[in-house]
Amino acid sequence: ETLSNRYPYSCYKQVFVDEVDEDYRSYATMSILSTNLLHSAVIIDQVYITRRVMAQAIAEQFFGCFISMQNWSDMWLPKGISLYLSGLYCKKCFGNNEYREFIQSTLQSVVKYEEEYGGIILDPSQPPAPLPTSANVCQPNPKNNDASFYFSIRNLHTMSSLYIEAMHKKALLVMRMLEHRIGQELLLQVFNKQLCLASNAAGQKIGSGLWAHMLISTNVFTKAI
């Protein structure tokens, strides 16, 4: 209902598996979820957790499976979009107060991580933009953010799991900032445009050169915004 595009695949299946290491994992046309998410109707508190996870799994069918990242450095983008879309569903389902509490707890978690370990760079392939200064003030040389960590942030295989988790949360907050900046309607139009281009490309032959629309990158998303 949030997006104007239909589901990109012909079917969707949810498989609940016992003793998995994650609550969910999304694949094309299918999501694998933990049996711990299943609960009796008497347990009301579990509804918030289960519906949020299931909504996130469905959102990643659009951004994550159908439209995937172009490079490892663009990993934050489909994750941030899918988290934002699932958040809109939870806002509609559980109310504005529950949604605001979720955003506030996410913000506090990111701030706590950055204060303790260092700043998070969503796209490590590009240097951070310089801070705006007056014409008479010299800009300092940007320092390498890798020095703040015991691992390199330029490769997915060397990133800390805590860093990746915090980066995903920060990606959601960036989408919220864009919503406040340009409005929810225009932001959803950008998402729908990307889905339309990807849907058209999916129906073409591989040699048509349109399959690049099924990948999303920071540069492409920035230009679309």
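M75 sits in the loop between β4 and α2. Helices here are DSSP runs of H or I with at least four residues, strands are runs of E with at least two, and both are numbered from the N terminus. M75 counts as buried because its relative accessibility is 12%, and buried means under 20% relative accessible area, while exposed means over 50% and partly exposed lies in between (1.4 Å probe, protein chains only). Now look across the chain: M75 and A171 are 96 residues apart in sequence, yet their C-alpha atoms are 9.6 Å apart in space.

A quick word on what you're looking at: this is a predicted model, where local features need pLDDT of at least 70, side-chain atom pairs count only at pLDDT 80 or more, and totals for chains, interfaces and linings use all residues. Residues are numbered from 1 along each chain as its sequence is written, and side-chain values use heavy atoms, with hydrogens and water left out.

**The overall layout**

The protein has six helices and five strands. Follow the sequence and you get the pattern β-β-β-α-β-α-α-α-α-β-α. Of its 225 residues, 37% are buried.

M54 is found in helix α1, and it counts as partly exposed because its relative accessible area is 25%. M54 and S26 are 28 residues apart along the chain, with 9.9 Å between their C-alpha atoms.

**Two pockets**

A pocket is an open set of points on a 1 Å grid over the protein atoms alone, where a 1.4 Å probe fits and protein lies on both sides within 12 Å along at least five of seven lines; lining residues have an atom within 4 Å of a point. Grid points are joined across faces, edges and corners, and the volume is the space filled by probe spheres set on the points. For the classes, Ala, Val, Leu, Ile, Met, Phe, Trp, Tyr, Cys and Pro count as nonpolar, Asp, Glu, Lys and Arg as charged, and the others, Gly among them, as polar.

| Pocket | Volume | Lining by class |
|---|---|---|
| Largest pocket | About 1,200 Å³ | 13 nonpolar, 10 polar, eight charged residues |
| Second largest pocket | About 810 Å³ | 14 nonpolar, four polar, five charged residues |

The largest pocket is lined by 31 residues, and the closest to its centre are Y24, Q56, E60, K79 and H168. Several elements each supply at least two residues of that lining: β2 (24-27), α1 (45-62), β4 (68-69), α2 (76-94), α3 (96-117) and α4 (161-182).

The second largest pocket has 23 lining residues, and W76, L122, V174, M177 and L178 are the closest to its centre. Here α3, α4 and α6 (218-224) each supply at least two residues of the lining. The largest share, seven residues, comes from α4.

**The core and the rings**

A nonpolar core is a set of buried Ala, Val, Leu, Ile, Met, Phe, Trp, Tyr and Cys residues joined through side-chain atoms within 4.5 Å. The largest one has 44 residues, and I81, Y84, L85, M175, F191 and F221 have the most contacts inside it. Helices α1, α2, α3, α4 and α5 each supply at least two residues of this core, with the largest share, nine residues, coming from α4.

Next come the aromatic pairs, in which rings of Phe, Tyr and Trp (its six-membered ring) have centres within 6.5 Å; planes under 30 degrees apart count as stacked, over 60 as edge-to-face and the rest as tilted. The count comes to 10 aromatic pairs. Y84 counts as buried because its relative accessibility is 0%, and F191 counts as buried at 1%. Elsewhere, Y7, Y9, Y12, F62 and F66 form one aromatic cluster.

R52 does something else: its charged end sits over the ring of F102, 4.1 Å from the ring centre. To qualify, NZ of Lys or CZ of Arg must be within 6 Å of the ring centre and within 35 degrees of the ring normal.

Most residues other than glycine have a negative phi. E19, though, has a positive phi near 60 degrees. E19 is in the loop between β1 (13-17) and β2, and it counts as exposed because its relative accessible area is 75%. T29 also has a positive phi, about 70 degrees, without being a glycine, and T29 lies in the loop between β2 and β3 (30-34).
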